[in-house]
Amino acid sequence: MTVEDGVLSFPVLGRPFAARRVPARLAGWLRESWDYPGYAVPTSGYAIELEVAGAAPSGAAHGWAELDVVVPGRTLRFRSEGSVWEIGDEASGLRLEIGERGARIELWGWEAAGDGAARHHALYVALSEALRASGLVPLHAAVAARGGDVVAWLGRSGVGKSTTLLHAVNAGWRPVAEDLCWLEPGTLAAYGWDRGVRCWPETLRRFFPRLDGAQPAPDGKHLIAYDRLGASSPRVATLTRLALLDRVAGSATRWEAVTPRDSVKALWEATGVPLASHSRQVTAAAVERLSRLPAARYVLGDTPPHLAGAIAGEDDQVRGG
Amino acid sequence: MSPMADTTRFRAKPGIVETDLETEVVLLDPATREMFSLNATGRVVWRALPGRTVADLAAEVTRAFDVGYDRALEDVRRIVGELLAAGVIVPDDHDG
């Protein structure tokens, strides 16, 4: 990461990224969310530019198509025409332009905008779209590796991905990602894209007391940094299996067979649907390829977890603490 | 829904994304995030859809599977009806 002449720049998985005229807090957010210098990825010709402008760009978006994007806790309404997407109004907003060789994001009224979470979500969507346009695919999954086995645990928010990942770590697996990784579709290499495992305090106390006392996050969860879990950096691994997580109270924890159709549906939920049609085709190809991996459903019930069988064919011993 | 004529042509709704599993197809409508699965017969119908009438599609099904025309036509009408109801295809107003 470098800052020269007011330009913050660092590669995002090999894609050159440069941000101009960004205020300090935004620069901090960009570094925290997007700067993972440990990954040795060849430099890409696809560049991503971000600039904070003083006013909205010219060219009103009248008559543009509207498209809702669902992000955690809210829905963002973008407008689009061709390869340009906008959100916001004259006072504050964001414009994303996707090109064949690069993407440009323009922000205006950034510091004056009232809802900080909404504008960060919008910028996150825009940067994700830029990375998608460069050929990568996001995968919301917990990922763990052991030997040649690399499992992506797919499931809705709150279903138990983080807890399952911690159980896997206790059973000797190496954490790659808790909730998000970026995928190279050609190789299925998954790059972990988070800073640690977030877990409710009561879950830590019950199953992983040795990890209790971790750094608390604003939402009440504790963030357990990967180095506390023995994870080496960089956290990259090539996916070999899928586990579709489900939670059924009152039942036993168990493995079930799934169909390729089940995998496809879970994968689309995990990748999300891109804004740009070209990126949709890239994602569809990735989903098709991923759906050919061995897959099983892991139903979290009331009985103790057991990671054996469908995941690795081994008799894992899951240890508490 | 009114009965469809066997001379009616259909086309995919623009933007529909498909995932081909070789024996079946999963369709995704990006606008609604709804997904729709087609079995092997439905996959043949989906693949053959552009520019073909319902009757043409039934003939295509008889070539792909060991099934008579009347049974194939019945299957195609049902599949097209389901695709229409799911909003992933629309009638093609263009001739030919």
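Biologist: Which residue stands opposite B:Leu28 in S4(B)?
Modeller: In this predicted model, B:Leu28 has B:Met35 of S4(B) standing opposite.

Biologist: How many bridges join strand S3 to strand S4 of chain B, and do they run parallel or antiparallel?
Modeller: Strand S3 of chain B, residues 25–29, is joined by five bridges to strand S4 of chain B, residues 34–38, and the two run antiparallel.

Biologist: Is B:Glu22 buried or exposed, and why?
Modeller: B:Glu22 counts as exposed because it has 10 C-beta neighbours inside 10 Å, and the cut-off for exposed is 12 or fewer.

Biologist: Switching to the contact, how many residues does each chain give?
Modeller: Chain B gives 13 residues and chain A gives 12 residues. On the side of chain B that touches chain A, the elements giving two or more residues are strand S2 (17–20), S3 and S4 of chain B, and S2(B) gives the most, with four residues.

Biologist: How do the residues on that side of chain B divide?
Modeller: On the side of chain B that touches chain A, six residues are nonpolar, three are polar and four are charged.

Terms used
Residues numbered from 1 in each chain as written. Chains lettered and ligands numbered in written order. Predicted model: local features only at pLDDT ≥ 70, side-chain atom pairs only at ≥ 80, totals over all residues. Pairing = 2+ DSSP bridges. Contact = placed C-beta atoms within 7 Å. Nonpolar A, V, L, I, M, F, W, Y, C, P; charged D, E, K, R; others polar. Buried ≥ 20, exposed ≤ 12 C-beta atoms within 10 Å, placed from the backbone.
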